[in-house]
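Reader: Before I set up any calculation on this protein, I would like to go through its fold with you step by step, beginning with a single pair of residues.

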Amino acid sequence: LKHVMLRQGDKQWYQRRVRGTKWKLVDRFGSIVRTMKVIDTSSLHSEGVSHNPDILKHVMLRKGDIQHINQFATSIIPYGKEASKHKHTDMSEVFFVLKGRGLMVVDEREIELKEGMCVAVEPEEFHEIRNNVPDQDLVLLYFGVQM
């Protein structure tokens, strides 16, 4: 499927497939109306996080895919592993615990992580995350926002 016509009232748009899963919504003259990205997470490849290559992540969105979003990903932190202490000068990060428990330290403040928690870290705040709970993975969904 290369093109799909969409109709709303008397307006017409065409969806055009561009490079794999990326679609562009264009008017009848070919001018871009909107761009969307569809990600099948089962097709994503694992890669190590920059702070510890033993922690694997699956990146759904990368810098440039959506304005102001640096990355949207999940990561799996096995027991005994940690994303070492670091900070970002130009980015906020938001972490959501999908599964498991662990510990996050933000500017020396310890936060016990558990399923369903959300932690937002501002630029210049040092932060680290570790899985200190035996026999379970800590699974996070997170994204970075360019400041």
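This is a predicted model: local features need pLDDT of at least 70, side-chain atom pairs count only at pLDDT 80 or more; totals for chains, interfaces and linings use all residues.

Reader: Which residue in S14 is the bridge partner of lysine 99?

Author: Strand S9 covers residues 91-99 and strand S14 covers residues 138-146, and the two pair in the antiparallel sense over 8 bridges. Elsewhere in this pairing, glutamate 93 stands opposite glycine 144. For lysine 99, the bridge partner in S14 is valine 139.

Reader: With which strand does S9 pair over 4 bridges, and which residue there stands opposite phenylalanine 95?

Author: The strand in question spans residues 118-121 and pairs with S9 in the antiparallel sense, and this is S12. Within S12, the residue that stands opposite phenylalanine 95 is valine 119.

Reader: In what order do the strands of the open sheet run, and which of them stand at the edges?

Author: The open sheet has 6 strands with antiparallel pairing, in the order S5-S6-S7-S14-S9-S12. Two of these strands have a single partner each, so one side of each is left without a neighbour in the sheet. The strands at the edges are therefore S5 (47-49) and S12.

Reader: By what angle are neighbouring strands of this sheet turned against each other on average?

Author: The value is an average over neighbouring strands of this sheet, and it ignores their direction. With direction left aside in this way, the angle is 35°.

Reader: Is serine 75 buried or exposed, and why?

Author: Serine 75 is found in strand S7, and among the residues it touches are Val49, Ile55, Leu138, Leu140 and Tyr142. The cut-off for a buried residue is under 20% relative accessible area. Because the relative accessibility of serine 75 is 4%, it counts as buried.

Reader: Which strand gives the most to the lining of the largest pocket?

Author: About 250 Å³ of space lies in this pocket, and of its 19 lining residues Val49, His51, Gln71, Glu93 and Tyr142 lie nearest its centre. Two or more lining residues come from each of S6, S7, S8, S9, S13 and S14. The strand that gives the most, with 4 residues, is S7.

Reader: How many helices and strands does the protein have, and what percentage of its residues is buried?

Author: The secondary structure comes to 0 helices and 14 strands. Among contacts between residues at least 6 apart in sequence, 49% join residues at least 24 apart. Of the 147 residues in the protein, the buried percentage is 33%.

Key:
Residues are numbered from 1 along each chain as its sequence is written. Side-chain values use heavy atoms; hydrogens and water are left out. Two strands pair if DSSP finds at least two bridges between them. Buried means under 20% relative accessible area, exposed over 50%, partly exposed in between (1.4 Å probe, protein chains only). Contact means heavy atoms within 4.5 Å. Axes are lines fitted to C-alpha atoms, for helices over the stretch in contact, and angles run from 0 to 180 degrees between N-to-C directions. On a 1 Å grid over the protein atoms alone, a cavity is a set of points where a 1.4 Å probe fits but cannot get out, and a pocket is an open set with protein on both sides within 12 Å along at least five of seven lines; lining residues have an atom within 4 Å of a point. Grid points are joined across faces, edges and corners, and a volume is the space filled by probe spheres set on the points. Lists of a residue's contacts leave out its neighbours within four places in sequence.
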